[in-house]
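Trainee: I would like to go through this model step by step, starting with the fold and ending with single residues. Can we do that as questions and answers?

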Amino acid sequence: MDTKRLLHSIGATTFILCYDVFKNNYASKTRNELATMLPARNPNLRSNDPNNSLPRIASFAIQLFRDDDPVAALELCTKSTRLNPELVAMAQQLLTREKFWANVKDDLSPMDSRPAPTPIINDTSTQNPAPAPRTQISTFAYKRNPKVVAAVLKRANGKCECCGAPAPFIRRGGPMDGQPYLEVHHKQWLVEGGPDTVNNAVALCPNCHCNEHHGDRHYF
């Protein structure tokens, strides 16, 4: 099945709104596990759908990310005349992000398979003296309870609750001036329906927090 047909099977709206769910979990989750995560990102989907369509949608998404080209699907969404402008803008935002990181990954390819590098100081491709003007980007975020954040940071007492190391630095400026820098992470992500509670949150150093979201070894 080609990209266009897979996208149609998933539904462009579902694909865009749930892109990160599919991308970050298709290899580690079963289709039924993915199906339970979808309504949290896209409220129009219902887990009690009498046609049991969510596992089927998840199956098409897994196939798209495993065997086909999700970036090509994003490009199809940006060219769609049927989607509302907000969804097209979201697809464009995702596409821009994917292309950016693809370029970064390409530049990190093994050096023995690439031409001898030009010294960075003289390489104009690494210079960006006149960045493009800022653009406004719309996104969605959950409103978190500051009391939960405060309680978790107090419990951590300046040490990462994963690796146990002290906070890497002390905050400077702003209302948190002088406090150890730790980041509050939800063990069950809010986007997956996790609660914003002290028991579901941990204070992590930036390294452990990034690992939880982007690494291959998860501890929570």
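Predicted model: local features only at pLDDT ≥ 70, side-chain atom pairs only at ≥ 80, totals over all residues.

Trainee: How many helices and strands does the protein chain have?

Mentor: Read from the N terminus, the elements run α-α-α-α-α-α-α-α-β-β-α. The secondary structure therefore comes to nine helices and two strands, counting helices of at least four residues and strands of at least two.

Trainee: What percentage of the residues in the protein chain is buried?

Mentor: The accessible surface is about 14,900 Å², and carbon and sulfur atoms hold 53% of that surface. A residue is called buried when its relative accessible area is under 20%. Of the 220 residues in the chain, the buried share is 32%.

Trainee: Which element gives the most residues to the largest nonpolar core?

Mentor: This core has 33 residues, and Ile10, Phe15, Ile16, Phe22 and Leu38 touch the most other members. Two or more residues come from each of H1, H2 (12–17), H3 (19–25), H4 (31–41), H5 (53–67), H6 and H7 (85–107). The top contributor, with eight residues, is H5.

Trainee: How many residues are in the other core, the one with Leu153?

Mentor: That core lies apart from the core to which H5 gives eight residues. Its members include Leu153, Cys160, Val184 and Cys208. The size of this other core is 14 residues.

Trainee: Which element supplies the largest share of the lining of the second largest pocket?

Mentor: The pocket holds about 370 Å³ of space. Among its lining residues are Lys4, Leu7, His8, Leu76, Cys77 and Arg82, and the lining divides into five nonpolar, four polar and three charged residues. H1 (3–10) and H6 (70–78) each supply at least two lining residues. The largest share, three residues, comes from H1.

Trainee: Which residues does Phe15 touch, not counting residues up to four places away in sequence?

Mentor: Phe15 is one of the core residues that touch the most other members. A contact here means heavy atoms within 4.5 Å. By that rule the partners of Phe15 are Leu7, Ile10, Phe22, Leu64, Phe65, Pro70, Ala73, Leu74 and Cys77.

Trainee: Does Asn200 count as buried or exposed?

Mentor: Asn200 sits in the loop between S1 (183–186) and S2 (201–204). Leaving aside neighbours within four places in sequence, Asn200 is in contact with His185, His186, Lys187, Gln188, Gly194 and Pro195. Its relative accessibility is 9%, and the cut-off is under 20%, so Asn200 counts as buried.

Key: Residues numbered from 1 in each chain as written. Heavy atoms only, no water. 1 Å grid on protein atoms, 1.4 Å probe; cavity = no way out; pocket = protein on both sides within 12 Å on 5 of 7 lines; lining within 4 Å. Points joined across faces, edges and corners; volume = space filled by probe spheres on them. Nonpolar A, V, L, I, M, F, W, Y, C, P; charged D, E, K, R; others polar. Buried < 20%, exposed > 50% of the residue type's maximum accessible area, 1.4 Å probe, protein only. Areas by Shrake-Rupley, 256 points an atom, 1.4 Å probe, with all protein chains shown as cover. Core = buried A, V, L, I, M, F, W, Y, C linked by side-chain atoms within 4.5 Å.
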